[in-house]
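This report sets out how the two parts of the structure shown below meet, and then turns to selected local features.

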There are 2 protein chains.
Amino acid sequence: MRIALDAMGGDFAPAEPVKGALLGAQANPDVEILLVGRRDAIQENLGQAAKTPANIRICEAADVIGMDEHPAIALKKKPDSSIARMFGLVVAGEADAAVSAGNTGAMVAGAAFFLKFIEGVKRPGIAINMPAGRGHCTVIDCGANVECKPIHLLQYAVMASEYNRLIVGNDNPRVGLLSVGSEEAKGNKLVKDTLPLMKELGLQFIGNVEGGDAYNGRCDVMVCDGFVGNVLLKVTEGVAESMMARLKSGVEKDTWTRLGMKLVKPAIDDMVAHLDYAEYGGAPLLGVQGVTIICHGRSDANAIKNALKAAIKSVQQNVTQKMAAALTASRQVWDRASGDLQ
Amino acid sequence: MRIALDAMGGDFAPAEPVKGALLGAQANPDVEILLVGRRDAIQENLGQAAKTPANIRICEAADVIGMDEHPAIALKKKPDSSIARMFGLVVAGEADAAVSAGNTGAMVAGAAFFLKFIEGVKRPGIAINMPAGRGHCTVIDCGANVECKPIHLLQYAVMASEYNRLIVGNDNPRVGLLSVGSEEAKGNKLVKDTLPLMKELGLQFIGNVEGGDAYNGRCDVMVCDGFVGNVLLKVTEGVAESMMARLKSGVEKDTWTRLGMKLVKPAIDDMVAHLDYAEYGGAPLLGVQGVTIICHGRSDANAIKNALKAAIKSVQQNVTQKMAAALTASRQVWDRASGDLQ
């Protein structure tokens, strides 16, 4: 198995992706990791390690797509960028997966442009595994598709349920449709139009759920429009940061609380790490033919290592093929929503 | 000034609303508080206080709308409910504001049914003051209108900017439009259609903002669709609860962290209280002719007292009239979006 890793993507590239590759190569000796990017920059960072493992290979890509570049324009202008090269390797059958902490939009656009969609899929969606109680809730879509129709949500539900089953490990994932209340009558037009067909997909559909249910273990999969999913994600980060900032300023007030903070620090660190979805192997883009994992821009070596692990597991489990089979099995249902597409 | 308070609304009614009324009456001796609900239940709870202040009066309402009842149906079936009676008092000029921790949908439907809309307003919106850095960010709409058109968002921006100026106290509030990125090209159709007109409203509009910007002090007013705003609110609660649950289970692990937790508890309590928007005077429904404040169902006496304070300040500051004037001044702009309405 070969996994292509974007050495140039992310806020701390190439140092952290290269370190992550070294960790991943060590943990998975049977997997070859293709570090895609500028050979000299990668070599320089690899050189700091005692010796480069035999299962790391550099694949030259002279160009880099910046974090703030326009995805489609950058991909067109930079055919030799690390992201374009990664997908080229996947298309050529030289890599089984593509992993990057770079420009999210360019990863989505690149996957859509270079890889074919799974048979029948209208739009790929970004899935993120949020910490929920003792497990994880797979939230889809987190921003690939900000203008959803019912058919998109139905396909997301089928794919994310399969992903959650195979990768997160829930036998029969409970799927919820994100709304403003659990009652059937609650929701906007998109939710109301989607709900009846969602019931027929053959999933363990538990009906409408609310924003907080992504964190309390009520559902294993949460399906939503990409605009709403992106807000959910950014609010999660914002609330966690706001709480920590407030706690830190409160603790500074006197000696006893400062001492207490030192004692309680392991639990606080655990609380913060628990909510950091970057710890859980990045965000897979579901719906394309080829495993594609998008990492948070601020990913460190450990987050990259976890993303490589998720990519390897996805390839081993044939996630793409099994999602395709699940979509075929439920086609009669989601196809009935096609009429909504203009 | 007279404020009508729903004695029967909320998870802890009538005990907490009655206690809240006593606190509010004491803090505001010039204001009369009208406790609306079942006389015997109110009297029983008032009786526990040493003596009822002269500025508390009971207004009998024999019926109660339950937390889970269908708003419109319940309002129709129960003309003698505490919520219907409160709005009756406002319409008759016997109360200047209505405050309730009861059924949110019934409060929105009741206000829309009994009170007139401010001239030109198409749909009222729920505003919530989220803790943001050292101040507060007024997020609108948090769930009154889950199917927004550009004109709704434009009117929300004008009203919430005025509310934030008069009640939160920012001279010239920075208004942001919630999207999936700060760049102008980012967003769904609603955001893209709204943005150009938002620039012309004469507000201090800072462009698109992201979900996390409700908490970091980047903007003073955040405008969004009621579906998205409701998700934002529920996610905020969910993340905070999830973090606290994780912290508590982490702290149980050993004696030293348990001791540390005791020392750091004031700072933790402060962190939790900081994020509890119920502390900040409930959620005003903006766009109706008459001050209407909706409190969280789990409001305690202190939250009710704060909501009464916000209601009093809103009446004193003539918020409704000033919002109406601001809407008139910007009518040329938001009226151009009327064509979108079906």
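Across the interface of chain A and chain B, eight residue pairs are in polar contact, with both residues of each pair at pLDDT 80 or more. A polar contact is a pair of N or O atoms within 3.5 Å; within protein, one atom must be able to donate a hydrogen and the other to accept it, and residues adjacent in sequence count only if both atoms are side-chain atoms. On the side of chain A that touches chain B, the helices α7 (189-198), α8 (226-251) and α9 (255-275) of chain A each supply at least two residues. The largest share, 18 residues, comes from α8(A). Helices here are DSSP runs (H or I, at least four residues), as are strands (E, at least two), and both are numbered from the N terminus. By type, this side of chain A divides into 26 nonpolar, 13 polar and six charged residues. Ala, Val, Leu, Ile, Met, Phe, Trp, Tyr, Cys and Pro count as nonpolar, Asp, Glu, Lys and Arg as charged, and the others, Gly among them, as polar.

The model is predicted: local features need pLDDT of at least 70, side-chain atom pairs count only at pLDDT 80 or more, and totals for chains, interfaces and linings use all residues. Residues are numbered from 1 along each chain as its sequence is written, chains are lettered from A and ligands numbered from 1 in the order in which they are written, and side-chain values use heavy atoms, with hydrogens and water left out.

**Extent and symmetry of the interface**

The contact (heavy atoms within 4.5 Å) takes 45 residues from chain A and 45 residues from chain B. The area buried between the chains is about 4300 Å², and carbon and sulfur atoms give 75% of that area. Buried area is the accessible area (1.4 Å probe) that two parts lose on being put together, summed over both. In chain A, the residues that lose the most area to chain B are A:Phe227, A:Met243 and A:Arg246, together 16% of what that side buries.

How are the two chains related? A rotation of 180° with 0.0 Å of shift along its axis superposes chain A on chain B, with an RMSD of 0.0 Å. That is the relation of a two-fold axis. The superposition is by least squares on the C-alpha atoms of residues with pLDDT of at least 70 in both copies. Of the residues of chain A, A:Gly260 comes closest to the rotation axis, at 1.9 Å (C-alpha). The same surface serves both copies, as 100% of the contact residues of chain A recur in chain B.

**Salt bridges**

Side chains of opposite charge can pair when their charged atoms come close. A salt bridge is a side-chain nitrogen of Lys or Arg within 4 Å of a carboxyl oxygen of Asp or Glu. The whole structure holds 32 salt bridges over all chains, and the count between chain A and chain B is four. Examples are listed here.

| Residue | Partner | N to O distance |
|---|---|---|
| B:Lys234 | A:Glu210 | 2.5 Å |
| B:Arg246 | A:Asp270 | 2.8 Å |
| B:Arg218 | B:Asp213 | 2.9 Å |
| A:Lys19 | A:Glu16 | 3.2 Å |

B:Arg246 lies in helix α8 (residues 226-251) of chain B and A:Asp270 in helix α9 of chain A, so the pair joins two chains. B:Arg246 is partly exposed, with a relative accessible area of 28%, and A:Asp270 is partly exposed at 22%. Buried means under 20% relative accessible area, exposed over 50%, and partly exposed in between (1.4 Å probe, protein chains only).

A:Glu16 and A:Lys19 both lie in helix α1 (residues 15-27) of chain A, three residues apart, about one turn of the helix. A:Glu16 is buried at 15% relative accessibility, whereas A:Lys19 is partly exposed at 43%. In chain B, B:Arg218 is partly exposed at 34%, while its partner B:Asp213 is buried at 7%.

**Local geometry and a buried serine**

Most residues other than glycine have a negative phi, and most peptide bonds are trans. A cis peptide bond joins B:Ala13 and B:Pro14, with omega about 0°; B:Pro14 lies in the loop between β1 (2-6) and α1 (15-27) of chain B. The bond from B:Ile140 to B:Asp141 is also cis, with omega near 10°. A:Asn318, in the loop between α10 (301-316) and α11 (319-329) of chain A, has a positive phi near 55°.

B:Ser100 is in strand β4 (residues 97-100) of chain B and is buried, with a relative accessible area of 0%. Beyond its neighbours within four places in sequence, the contacts of B:Ser100 include B:Asp6, B:Met107 and B:Cys295.
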